[in-house]
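Trainee: I'm new to reading structures. Please take me through this one with questions and answers.

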Amino acid sequence: MNDTRFRSMKDLPPAHLLGTGTAMCSGCGGLEALHEIYDILGEKSVFINAAGCMTLLAIYPFTPFRGSWLYSAMASAPAGAQGVRDALDILLAKGRITPREDLTVVVLTGDGSAYGMGLSATSGAVERGLDFLYICYDNEGYGNTGQQSSGATPHGARTATDKGPLGYLGHKKDLFAVWAAHRPAYAATVVGSEPLDLARKIERAMSLRGPRLILALAPCPTGWGYDPAETAQIGKFAVETGVWPLMEYCDGKVVHTKVPRKRLPVEEYLKRQGRFAHLFHPERKEALLREIQAAVDARWREVEPAG
Ligand SMILES: Cc1ncc(C[n+]2csc(CCOP(=O)(O)OP(=O)(O)O)c2C)c(N)n1
Ligand code: SF4
Ligand SMILES: [Mg+2]
């Protein structure tokens, strides 16, 4: 709210997410995706934000959003969304607001909540058919507290809690598949560096009702160890190497929305990030590099035409 171009709230451009001059890192891929999403979603929305990096966007009583914003505990954002949706429905039923004044209920959460602490509340909300948009910006770790490993951390990545020679020994959970197994109204993966694909998916999600997931890869210069200027490039390499498949689920079917014509070696993505530097220095960890590549190849085997 420090932008001096605007003297009052009325001067603000419609549906634009303002910079706040807060503690967000430059080059934040989560913020890049959120900007793009909000430009389409607009101000007729109410955000329920699980504690994480994006919570730093708000400095009470201000937020950069022109709509409403609530902050929740890490595990509770979907439960908060249920309460807000119920309250809006009661206001509608009583005629205290018109359908035109209704708001889109949005959960905004990091991966620590989405893949872990908040998963049970999320599963319950999807099971109940809650009408909400669920945006997870996935920076693959507990970023706000120093990038500890989460259920979204990729195999082999070094984090604050996995500093050993092979990095994180676990495997990234497939949250998209977890959602799809719940048969939601919609689920999609996106990344800010593919804005057209992202925009189409947000528009599609907005045209539907019920539980809708937008899972955004969020390249994180601070936690992943790369120059903030390279965020868009890192996002593109995630897609071109096949590490981050762009896809959507609707009506029981999964569709890949962008299949790389010729997938690049996964190394092209890994070698640009400090969290994977131990795979290349002081000597190459060939077995682990092969294992990571093989997992990505196996993931794509059913999608790519043979030969
Ligand atoms: C129950 C609970 N444990 C720990 C914290 C401290 N905490 C605040 S933000 C955060 C990291 C959340 O990680 P994620 O959901 O991935 O969001 P990110 O910080 O990466 O944006 C943690 C651990 C908390 N708020 N609540
Ligand atoms: S730690 Fe990562 S996700 Fe969090 S604000 Fe910084 S760049 Fe964004
Ligand atoms: Mg995170």
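Trainee: Which elements do the buried residues of α4 pack against?

Mentor: Helices (H or I, at least four residues) and strands (E, at least two) are DSSP runs, numbered from the N terminus. In α4 (residues 119-127), Leu119, Thr122, Gly124, Ala125 and Val126 are buried, where buried means under 20% relative accessible area, exposed over 50% and partly exposed in between (1.4 Å probe, protein chains only). With contact meaning heavy atoms within 4.5 Å, these buried residues pack against α2 (77-93), α3 (111-117), β4, α5 and β6 (211-217).

Trainee: What kind of model is this, and what pLDDT do side-chain atom pairs need?

Mentor: Residues are numbered from 1 along each chain as its sequence is written, chains are lettered from A and ligands numbered from 1 in the order in which they are written, and side-chain values use heavy atoms, with hydrogens and water left out. This is a predicted model, where local features need pLDDT of at least 70, totals for chains, interfaces and linings use all residues, and side-chain atom pairs count only at pLDDT 80 or more.

Trainee: Good to know! Which residue takes a positive phi just after α4?

Mentor: Most residues other than glycine have a negative phi. Just after α4, a positive phi of about 70 degrees belongs to Gly129.

Trainee: Now to the ligands. In which pocket does ligand 2 sit?

Mentor: On a 1 Å grid over the protein atoms alone, a pocket is an open set of points with protein on both sides within 12 Å along at least five of seven lines, whereas a cavity is a set where a 1.4 Å probe fits but cannot get out; lining residues have an atom within 4 Å of a point. A molecule sits in one of these if more than half of its atoms lie within 2 Å of its grid points. By that rule, ligand 2 sits in the second largest pocket.

Trainee: How many charged residues are in the shell around ligand 2?

Mentor: A residue is near a molecule if one of its heavy atoms lies within 4 Å of it, and around ligand 2 these are Met24, Cys25, Cys28, Cys53, Asn139, Cys220, Pro221 and Thr222. Ala, Val, Leu, Ile, Met, Phe, Trp, Tyr, Cys and Pro count as nonpolar, Asp, Glu, Lys and Arg as charged, and the others, Gly among them, as polar. The shell has 6 nonpolar and 2 polar residues, and the number of charged residues is none.

Trainee: Is Asn139 from that shell buried or exposed?

Mentor: Asn139 lies in the loop between β4 (132-138) and α5 (175-181). Beyond its neighbours within four places in sequence, Asn139 is in contact with Cys53, Asp111, Gln147, Ala218, Cys220 and Trp224. Because its relative accessible area is 6%, Asn139 is buried.

Trainee: How far is a backbone N or O atom of Gly112 from an oxygen atom of ligand 1?

Mentor: Of the 16 residues around ligand 1, Cys53, Gly112, Tyr137, Gly143 and Asn144 come nearest. A polar contact is a pair of N or O atoms within 3.5 Å; within protein, one must be able to donate a hydrogen and the other to accept it, and residues adjacent in sequence count only if both atoms are side-chain atoms. For Cys53, a backbone N or O atom lies 2.8 Å from an oxygen atom of ligand 1. For Gly112, the distance is 2.7 Å.

Trainee: What is the omega of the peptide bond from His281 to Pro282?

Mentor: Most peptide bonds are trans. Pro282 is in the loop between α9 (267-270) and α10 (286-300). The bond from His281 to Pro282 is cis, with omega near 0 degrees.

Trainee: Is Glu140 buried or exposed?

Mentor: Glu140 has a positive phi of about 60 degrees although it is not a glycine. This residue lies in the loop between β4 and α5. Since its relative accessible area is 4%, Glu140 is buried.

Trainee: Is Arg183 buried or exposed?

Mentor: Arg183, also not a glycine, has a positive phi of about 55 degrees. Its place is the loop between α5 and β5 (186-191). Because its relative accessibility is 67%, Arg183 counts as exposed.

Trainee: One last question: which residue's side chain makes a polar contact with the side chain of Thr231?

Mentor: Thr231 is in helix α8 and, at 5% relative accessibility, counts as buried. Not counting residues up to four places away in sequence, Thr231 touches Gly27, Gly29, Glu32, Pro219, Pro221 and Tyr226. At 2.9 Å, the side-chain partner in the polar contact is Tyr226.
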